[in-house]
Amino acid sequence: MQATRLTLICHAVTPLQKQGRFPDDESVVMDWQGAALSLAGRYKKEPRLLCGPEARTRQTAGLFGAHPVIEHALRDGNLGVWKGQAIGELEGDLLTAWCTDSTCAPHGGESVEQVCKRVGQWMKTLEAQPGHVVAITHPFVIRAALLYVMQFPVSMFYRIDVEPLSATQLRFNDVWRLRLETHA
């Protein structure tokens, strides 16, 4: 049986990220022509290209192919009333509760635990779909996928940093594995 190869790519940087604000459905900030040239031909065979529904993931997916398929399981965590808010302007107790209790959602959106469950369910569906999938998504989704693959507790969620345009390689062949690649 052919293995499933999943490449998770974090969307490009956004203006709200640069300002230290929680994401909303904003566009990305980048040199499109330069990025398109540097990413052209990154994969030898044409993979299935998926992306979250937000503008930032759809725009980033355009660097890897002309026709990405929107996958709602790849959507960012719902941050409720915190969307677009400056992180430093939030009530400290609420922010601390959210960062330390994975079941907490003081913003009225999804808890970290809910995001992890959603992503884990999606990853299970990929186990029966061999071939290469490139998925343009968000730091929250990539963190959740890594917790699922590595079977880490949800308490490790905020210990994973995901940079804009970073690529995370995962493989499934009877068991999920994290694959670290060199570009030398």
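The structure is a predicted model, in which local features need pLDDT of at least 70 and side-chain atom pairs count only at pLDDT 80 or more, while totals for chains, interfaces and linings use all residues. Residues are numbered from 1 along each chain as its sequence is written, and side-chain values use heavy atoms, with hydrogens and water left out.

Helices (H or I, at least four residues) and strands (E, at least two) are taken as DSSP runs and numbered from the N terminus, and two strands pair if DSSP finds at least two bridges between them. Six strands form an open sheet with mixed pairing, in the order β3-β2-β4-β1-β5-β6. The edges are held by β3 (69–70) and β6 (176–179), each of which has a single partner strand, so one side of each is left without a neighbour in the sheet. Strands of a sheet pair through backbone hydrogen bonds, either parallel or antiparallel. Strand β1 (residues 4–10) runs parallel to strand β4 (residues 131–137), and seven bridges join this pair. Within the pairing, L8 stands opposite A135 in β4.

Helix α5 (residues 112–126) packs on the sheet and touches β1, β2 (48–51), β4, β5 (167–172) and β6; contact here means heavy atoms within 4.5 Å. The direction of α5 makes about 145 degrees with that of β1, where axes are lines fitted to C-alpha atoms, for helices over the stretch in contact, and angles run from 0 to 180 degrees between N-to-C directions. Helix α6 (residues 139–150) also packs on the sheet, with β1, β4, β5 and β6 as its partners, and its direction makes about 120 degrees with that of β6.

The lengths of both helices can be checked against an expected span, defined as 1.5 Å times one less than the number of residues. For the 15 residues of α5 this gives 21 Å, and the end C-alpha atoms are 21 Å apart, which agrees. Helix α6, with 12 residues, reaches 16 Å from its first C-alpha to its last, close to the 16 Å expected.

A residue is buried under 20% relative accessible area, exposed over 50% and partly exposed in between (1.4 Å probe, protein chains only). Among the buried residues of α5 are V112, V115, R118, W122 and L126. In α6, 10 of the 12 residues are buried, so this helix is largely enclosed by the rest of the structure. The cover over the buried residues of α6 includes β1, α4, α5, β4, β5 and β6. Just after α6, Q151 takes a positive phi of about 55 degrees.

Next come the aromatic rings. Rings of Phe, Tyr and Trp (its six-membered ring) pair if their centres lie within 6.5 Å; planes under 30 degrees apart count as stacked, over 60 as edge-to-face and the rest as tilted. The whole structure holds nine aromatic pairs. The ring centres of F157 and Y158 are 5.1 Å apart and their planes lie at 85 degrees, so the pair is edge-to-face. F157 counts as buried at 1% relative accessibility, whereas Y158, at 28%, counts as partly exposed. F172 and W176 form a tilted pair, with 5.4 Å from centre to centre and 55 degrees between the planes, and both of these residues are buried. Ring pairs also link F22, W82, W98, F140, F157 and Y158 into a cluster.

P164 lies in the loop between α6 and β5 and is partly exposed, with a relative accessible area of 33%. Its C-alpha atom is separated by 5.6 Å from that of H11, although P164 and H11 are 153 residues apart along the chain.

Finally, the structure holds three salt bridges, each a side-chain nitrogen of Lys or Arg within 4 Å of a carboxyl oxygen of Asp or Glu. E26 pairs with R56, the closest N and O atoms being 3.6 Å apart. The side chains of R56 and D76 meet at 2.8 Å, N to O. R56 lies in helix α3 and D76 in the loop between β3 and α4 (92–100), so this pair ties together parts that are 20 residues apart in sequence.
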